[in-house]
Amino acid sequence: MSAVPISYYLVLSAILFGLGVIAFVFKRNIITIFMAIELMLNAVNLAFVAFARAHNQLDGLVFVFFVIVVAAAEAAVGLAIVITIAQNRQSLNIERVNLLKF
Amino acid sequence: MSVPFILFFVFAGIAVAGAVLLIVAREPIHSALSLILVMVSLAVLYLLLGAEFIAAVQIIVYAGAIMVLFVFVIMLLNAGVEERTDWSKLAKYAGLPLAGFLLIELAYWLARPAAGMTAALHAARGMGAAPTRALSEMLFRDYLFPFEATSILILIAILGALVLAKGDE
Amino acid sequence: MEFIAQHPILVVSLVKIAVLLLLVLTVLAYLSWFERKVIAHIQSRWGPYYVGAHGLLQPLADGLKFLFKEDLTPPGADRFVYVLAPLLALSLAITTLALIPFGPATIHILGQPTQLVIANVDIGLLFLFAITSIGVYGVALAGWSSNSKYPLLGGLRSSAQMISYEVSLTVSVVGVLLVAGSLNFNEIIEGQRGAFWHWNVFRAGHGAFPQIIGFLCYATAAIAETNRVPFDLPEGETELVAGFHTEYSSFKFAMFFMAEYANMVTVCCLATILFFGGWLSPFPESWTWQQYLPAAALLVCAAYLAYDTAVNMRGIARIQLAVVTVLAAGIGVLCLIPAVMPVIQGPFWFLAKVAFFLFFYVWTRGTLPRFRYDQLMAFGWKLLLPVSLVNLLVTGLVIIWPQLGRHG
């Protein structure tokens with residue numbers, strides 16, 4: 001059984017990260033933008049795990065563990081903020097959250 | 001075409017399809033479902049890379065808790081179809097190609113140095129026999145301080161979410 | 001034929017999956033019969049009695065009814081998610097059963113030696129919890145996609161309840177992990193070898209602590225996790241019409257129904273594996289007469305059924321019950337064949353224990369009243385989680401106590 005080269009996983013990670021960036025820049029709903037952030041974090045996790053396998057070290061996996069935990073904390077607080085914004089502005093469109101706009 | 005290759009391409013394809021669906025979907029709930037699809041297929045890819053514990057943690061925490069939170073918020077806020085506002089011409093004709101270029105460039109520079117490494121399925125040291133046990137030993141010895149720091153971080157996040165949810169009471 | 005020779009593991013796994021799927025679907029159907037009978041007898045009535053002898057054909061009639069009912073879709077519902085939700089719920093609920101080991105014996109399918117488990121994963125327990133945690137989506141998405149008030153509220157409440165009790169469920173199991181030292185089901189069961197006082201729930205001694213409190217926390221959290229009485233407010237009939245599955249009819253409703261029973265079965269299987277010794281027998285291993293027990297139990301059942309056929313039944317019910325008697329007697333005799341006898345020991349004890357836990361589930365349903373939702377959530381977070389955390393702490397301390405003095 002031949003093995004899958006690590007570069008394949010890294011290219012996939014780059015593709016997912018790029019798609020996450022596209023979603024982050026072009027979508028208008030706050031929750032969808034948040035989900036694009038999670039997609040980017042996932043792409044980075046994939047790169048970490050791929051490199052951990054390539055160098056045969058477990059440090060990459062430990063870092064992935066911490067990224068997942070921090071993403072959980074961030075999602076909790078971020079969604080609480082989103083709910084507050086939605087209640088205040090009565091809209092989930094990010095272009096309506098423009099009170100600080102110059 | 002050996003089995004690891006087939007599995008990789010199938011689940012990589014599903015992951016990319018999920019990401020594209022996230023961008024293309026008109027309702028946030030469909031975006032959330034496609035993100036869950038991406039996470040589950042990434043968990044399968046972690047299994048292919050030999051990281052069993054991380055695959056299980058990904059499903060339990062990411063797909064099973066964080067995304068449930070997202071789905072809850074979408075249900076609570078009754079998020080419907082996104083408003084369609086016109087993008088500026090600059091965004092449409094320069095933005096998308098630039099984003100695509102970023103993607104391709106990232107892929108190129110990530111693929112080059114790693115060209116020689118392969119994910120041999122039965123590798124020797126670090127991720128060998130009992131990766132879960134080795135991982136937990138590393139977590140509680142070398143990385144003990146970050147571990148405790150993240151637990152404090154979670155506590156802060158709980159307090160922050162509570163304060164934000166209570167509002168002006 | 002050469003496909004079988006080239007991919008032996010794949011073909012054997014497919015055979016095992018087919019057999020397990022068939023067995024599981026039958027068990028799920030007859031679990032509904034069992035539940036109705038037990039609750040009826042608790043309430044001093046008979047339950048299904050006329051559709052086949054002792055109501056044994058009732059699940060068949062119910063299945064036909066579900067198939068032929070009109071399949072409505074509520075107006076304005078999100079079609080894709082509406083169809084996805086019950087599929088997700090049922091498929092995830094049955095998938096968890098692929099990880100469960102039914103016995104220690106090695107049997108030969110198509111010439112290949114294989115274990116009595118479909119997937120012997122090293123992190124089996126963690127994977128089971130992973131699949132259960134995705135099961136929340138079935139409920140949440142069903143509530144959302146029905147485009148109606150009651151299902152939305154029911155779905156939200158139900159999924160909030162499930163994720164709350166999931167935490168206590170996982171923490172109450174970690175005590176067992178500390179005692180067993182592995183996430184693999186087979187290794188957890190192997191550590192409980194001996195007699196019933198070696199089971200994890202009673203085990204005391206070197207490197208172990210009786211997990212009674214852990215088991216009680218697990219049982220409570222499991223009943224809440226599967227949305228059963230007394231924790232079934234989100235789907236109680238007097239509260240929210242029918243909760244998250246109000247707008248579902250015919251086969252999709254049947255899928256939710258089966259998913260709930262499949263979750264029950266999974267949770268009971270997990271309880272027997274983690275706390276009650278899985279496929280190990282309660283008698284010490286030196287008592288060799290116990291290998292005749294499965295055959296003896298089945299033949300006693302067949303004898304009672306024969307008595308019932310001869311004395312109580314009339315007409316077509318008599319013929320049906322006679323068929324069941326012959327079936328029971330046939331399987332009993334089958335267990336006496338020397339080739340089958342060692343293989344059937346593990347599954348017999350495993351299924352006996354699972355059946356007892358299922359009976360316990362139905363018993364609580366017939367006996368206890370329902371929790372109110374705020375009582376339910378307060379109980380889960382303020383009582384159950386602290387108790388399971390204390391259990392974990394005490395277990396860890398007791399296990400590591402002998403080694404603490406060494407570094408002094």
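Where in chain C does Pro230(C) lie? Pro230(C) sits in the loop between helix H9 (212-225) and helix H10 (250-275) of chain C, with helices taken as DSSP runs (H or I, at least four residues) numbered from the N terminus.

## Ground rules

This is a predicted model, so to speak: local features need pLDDT of at least 70, side-chain atom pairs count only at pLDDT 80 or more, and totals for chains, interfaces and linings use all residues. Residues are numbered from 1 along each chain as its sequence is written, while chains are lettered from A and ligands numbered from 1 in the order in which they are written.

## The H9-H10 loop of chain C

Val229(C) and Pro230(C) are joined by a cis peptide bond, with omega about 5°. Asn227(C) is found in the loop between H9 and H10 too, and its phi is positive, near 60°. Asn227(C) counts as buried because it has 25 C-beta neighbours inside 10 Å (buried means 20 or more other C-beta atoms within 10 Å, exposed 12 or fewer, partly exposed in between, with C-beta atoms placed from the backbone).

## A loop in chain A

Asn56(A) has a positive phi as well, near 55°. Its place is the loop between helix H2 (30-55) and helix H3 (59-89) of chain A. Asn56(A) has 15 C-beta neighbours inside 10 Å, so it counts as partly exposed.

## Where B meets C

The contact draws 13 residues from chain B and 17 residues from chain C; two residues are in contact if their C-beta atoms, placed from the backbone, lie within 7 Å. On the chain B side, helix H3 (residues 52-77) supplies the largest share, 11 residues.

Key
Helix = DSSP H or I, 4+ residues; strand = E, 2+ residues; numbered from the N terminus.
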